[in-house]
Amino acid sequence: MFAALFPTLATWLYFVVLFGSPWTMPVFAVCKGIQFAFPLVWILGVERSRLHFYKRPGTPGLLPGLASGLAIFVFLIAAYQPVLASSPVVERAPAAVAGKIASLGIDSTGQYVLMAVFYSLIHSLLEEYYWRWFLFGRLRRRTGFALAAILSSLAFTAHHVLVIGQFLGGFGLWTWLLSLTVTAAGLAWAWIYHRSGSLYGPWLSHGLADAALMWIGYRMALTP
């Protein structure tokens, strides 16, 4: 329950309540530290077992990861200009994205690129380690694949609802519809991890999805 709910509570705190205050970044750093350290503390301190999360990448994981990641990447890039950029659904998003970027102290293209690389390569791996390897993996032992995939994907979606709602200016229909795409991605990544036993496939797919979202954020907030 803690692993499933803490990221949403943390996101509400640093992304909504404290947004714009000097406490945003310190609280963000502390919450991320707690989140990504918790699986290690649980396994080593509570279960008193060894860590087993390294496995060489193989075709059963990499091909679905690459295919799904490229599909998401191409769809988002292709849909942005003709659909998203002119849609009234996201008319508040550019200002909201710019505000969030400014709150992080990012004021140049170079700094934004560094942030995008961090989220696409490192943060996506940490999220896969947390949501798929730890939460889904532990739930799967108790409930089986299907229920574990659904529960972990819904938990994965919960904090994204807050993020999307902030960018769209509320929690209307489109916020929930877009959040369902996060659930679908979580289910796909859980299936890839379950099938391959490796995080390389989900990480590859997740990283490509994040890269596309970072590109859209750049177009919205930093491109004249």
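Okay, let's start with serine 153, which touches Thr183, Gly186 and Leu187, leaving aside residues up to four places away in sequence; contact here means heavy atoms within 4.5 Å. Serine 153 sits in helix H6, and helices here are DSSP runs (H or I, at least four residues; strands are E, at least two), numbered from the N terminus. With a relative accessible area of 0%, serine 153 is buried. For those labels, buried is under 20% relative accessible area, exposed is over 50%, and partly exposed is in between, using a 1.4 Å probe and protein chains only.

Quick housekeeping. This is a predicted model, so local features need pLDDT of at least 70 and side-chain atom pairs count only at pLDDT 80 or more, while totals for chains, interfaces and linings use all residues. Residues are numbered from 1 along each chain as its sequence is written, and side-chain values use heavy atoms, with hydrogens and water left out.

Staying with H6, have a look at isoleucine 164. This residue is in helix H6, residues 145-168, and at 16% relative accessible area isoleucine 164 is buried. Setting aside residues up to four places away in sequence, isoleucine 164 touches Thr175, Leu178, Ser179 and Val182.

Threonine 175 belongs to helix H7, residues 173-196, and counts as buried because its relative accessibility is 2%. Its contacts, again not counting residues up to four places away in sequence, are Val161, Ile164, Gly165, Leu168 and Gly170.

Next, valine 97, in helix H4, residues 93-103. Valine 97 is buried, at 10% relative accessible area. Beyond residues up to four places away in sequence, valine 97 touches Phe167, Gly217, Met220 and Ala221. Take the phenylalanine: the C-alpha atoms of valine 97 and phenylalanine 167 are separated by 6.6 Å, and the two are 70 residues apart along the chain.

Over to H1. Its buried residues are Ala3, Ala4, Phe6, Pro7, Thr8, Ala10, Thr11, Tyr14 and Phe15. What do the buried residues of H1 pack against? They pack against H2, H4, H5 and H6.

That brings us to H2. Helix H2 covers residues 24-47, and its 24 residues at 1.5 Å a residue should span 34 Å; the end C-alpha atoms are 33 Å apart, so that agrees. The expected span, by the way, is 1.5 Å times one less than the number of residues. There is a kink of about 40 degrees at alanine 37, shortly before proline 39, where the bend is the angle between axes fitted to the seven residues ending there and the seven starting there. Buried in H2 are Thr24, Val27, Phe28, Cys31, Lys32, Gln35, Phe36, Phe38, Pro39 and Ile43. Their cover includes helix H1 (2-17) and H5. Just after H2, arginine 48 takes a positive phi of about 55 degrees.

Okay, charges. Side chains of opposite charge can pair when their charged atoms come close. The rule is a side-chain nitrogen of Lys or Arg within 4 Å of a carboxyl oxygen of Asp or Glu, and by that rule we get 2 salt bridges.

One of them joins glutamate 47 and arginine 138, closest N and O atoms 2.8 Å apart. This pair links distant parts of the chain, glutamate 47 in H2 and arginine 138 in H5, 91 residues apart. Glutamate 47 counts as partly exposed because its relative accessibility is 27%, whereas arginine 138, at 11%, counts as buried.

There's also arginine 132 with glutamate 128, closest N and O atoms 2.6 Å apart. Both are in H5, and being 4 residues apart they are separated by about one helical turn. Buried or exposed? Arginine 132 is buried, at 0% relative accessible area, and glutamate 128 is buried, with a value of 0%.

Last stop, the surface. Val113, Val117, Phe118, Leu121 and Ile122 form a nonpolar patch with about 420 Å² of accessible area together. Patches take residues with over 30% relative accessible area and no salt bridge, joining like charges within 9 Å and nonpolar side chains (Val, Leu, Ile, Met, Phe, Trp, Tyr) within 5 Å; the areas are Shrake-Rupley with a 1.4 Å probe, and for residues only the protein chains shown count as cover. Leucine 121, from that patch, is in helix H5, residues 109-143, and counts as partly exposed at 49% relative accessibility.
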